Amino acid sequence: MSDKPKGRLDRRDFMIASIATVGASAALAGNAGTANAQAQATPPANPASGTVYTGDVIEGKKVISRLDVNDLEPGKKHLLYFQGVEMPTGQHWYVSVTVAKGAKPGKRGILTSGVHGDEMSSVHTVQTVMNQLNPAEMSGTVMAVTDISRPALESMQRRWPNHGRGIDLIDMNREWPGNENGATAPSRHAGLLFNRLLRPNADFAIDFHTGTTGFEVTAFNLGGMDVPEVKAMVELYPVGQIFDNHVYPGVLHNAFMDVGIPSFTPEIGAARVLDREMSSLFVEGTMNVLKHHGIIAGSMGRTGKHVTVFVGNSAFPVLATAGGLVEHLVKLNDKVEAGQKVAIQRNSFGEVVAEYTSSVAGEVTGQRSDAMSEPGNPLVFILFNKSVPEGAESYPE
Ligand SMILES: [Zn+2]
């Protein structure tokens, strides 16, 4: 994808330069193991040349450390474990890999969830799509990885508990494409997955998310609609909002985009819960995408043409200025006008200490669901159209 907002590459370069500096100081410290690891700091562009089985089997599933879906038997579903980064004990974090390998050749799609550990409806959506596929009737391949950030999923929390200087909580959706010799375990985990499992097997990729714990969102897709291949897929979803923005580097769908693989991020409601009704809209849209790519046959289900879709290129954050209990005056998907009051906040005496208004006209796309808030937290995100887009934008996907 050549359509990159200004500034993205600059920041990515800066991040890589920082990692290189870390590597240099580690080598100077004279740790032979570290120096050896740093010597392979640049992985080859496409290291997945052939599937590697480690020889291990976990609960009947073979373990791989590298995958080329071309090596798998056609017309079948394959359940594997991919060997990720090591834990402090030296054992590995394994992620589940389901491959529906069509009887006939065709495009290769990847569906991922669990980059954040508290986003259950996204896991369910991917599982439901995979359960509907019959490889004997498919032309092409669909691969699913539902539990990318394994340690975050174990405790159903957003971030990876990294054992650095004490426990750091690391947002894995700021780590992609990762670095197999990076300074943290999640960076290395991302590098292993991206280089050896995801990138080499993708013609397109969809990374499913939800809102986060304490902050609920509605159903929408997040992606760069100026990229025709992305637009064609996003418009096949019968969901009511599109956030047309490239957002920042480090998110998984942008790592795919940066290497020319069309990708975007569906957002499926609240964290922690399973919203089957909302999930079904994304299952329908994803099956449409697989039909669009010729992987499965059949007529299209409902698409964006069957619902009213609001497209915005920016999300206006309403930030808390006080501490206290928040009362929302609008609901998800409500239309709001500039100047409209959207929430109030009361202190412990019940006195109103803050009133919040929207500065823009748009639609409510996210709301804080934890009713208490301290200053600085986003209370409401309002999807709207900025007349002069400023490119990459921050959003807590
Ligand atoms: Zn997420």
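Two strands are taken to pair if DSSP finds at least two bridges between them. The legends below describe close-up views of a predicted model.

**Figure 1. Antiparallel pairing of strands β18 and β19.** Strand β18, residues 341-346, pairs with β19 in the antiparallel sense over 5 bridges. Two of the residue pairs can be located in this view: Arg346 has Val352 of β19 as its bridge partner, and Ala343 is partnered by Tyr356, also in β19. The hairpin formed by β18 and β19 has 5 residues between the strands, and Gly350 adopts a positive phi near 90 degrees there.

**Figure 2. The open sheet that contains β18 and β19.** The sheet comprises 4 strands in the order β19-β18-β16-β21, and the pairing is antiparallel. Its edge strands are β19 (352-357) and β21 (372-373), each of which pairs on one side only. Strands of a sheet pair through backbone hydrogen bonds, either parallel or antiparallel. Strand β16, residues 324-328, runs antiparallel to β18 and is joined to β18 by 4 bridges. Within this pairing, Glu327 stands opposite Ile344 of β18.

Figure 3. The ligands of the zinc ion are His116 through ND1, Glu119 through two OE entries, and His209 through ND1, at 2.0 to 2.4 Å. Angles among the 4 donor atoms span 57 to 141 degrees, and the site is irregular. A tetrahedral assignment would require all angles to lie between 85 and 135 degrees, so the range of 57 to 141 degrees excludes that geometry.

**Figure 4. Placement of the zinc donors along the chain.** The donors of the zinc ion follow the spacing H-x2-E-x89-H. Glu119 and His209 link distant parts of the chain, being 90 residues apart. Glu119 belongs to the loop between β5 (104-112) and α3 (120-131), whereas His209 belongs to the loop between β9 (204-207) and β10 (215-217). Both Glu119 and His209 are buried.

**Figure 5. Helix α8 and the residue positions that follow.** Helix α8 consists of 17 residues, 276-292. From its first C-alpha to its last, α8 reaches 24 Å, close to the 24 Å expected at 1.5 Å a residue. Just after α8, Gly294 takes a positive phi of about 75 degrees.

How values were computed:
Residues are numbered from 1 along each chain as its sequence is written. This is a predicted model: local features need pLDDT of at least 70, side-chain atom pairs count only at pLDDT 80 or more; totals for chains, interfaces and linings use all residues. Side-chain values use heavy atoms; hydrogens and water are left out. Donors are N, O and S atoms within 2.8 Å of the metal (3.2 Å for Na, K and Ca); water is not among the atoms, so sites may look incomplete. Four donors count as tetrahedral if all angles lie between 85 and 135 degrees; four count as square planar and six as octahedral if opposite donors are over 155 degrees apart and all others between 65 and 115; anything else is irregular. Buried means under 20% relative accessible area, exposed over 50%, partly exposed in between (1.4 Å probe, protein chains only). The expected span of a helix is 1.5 Å times one less than its number of residues.
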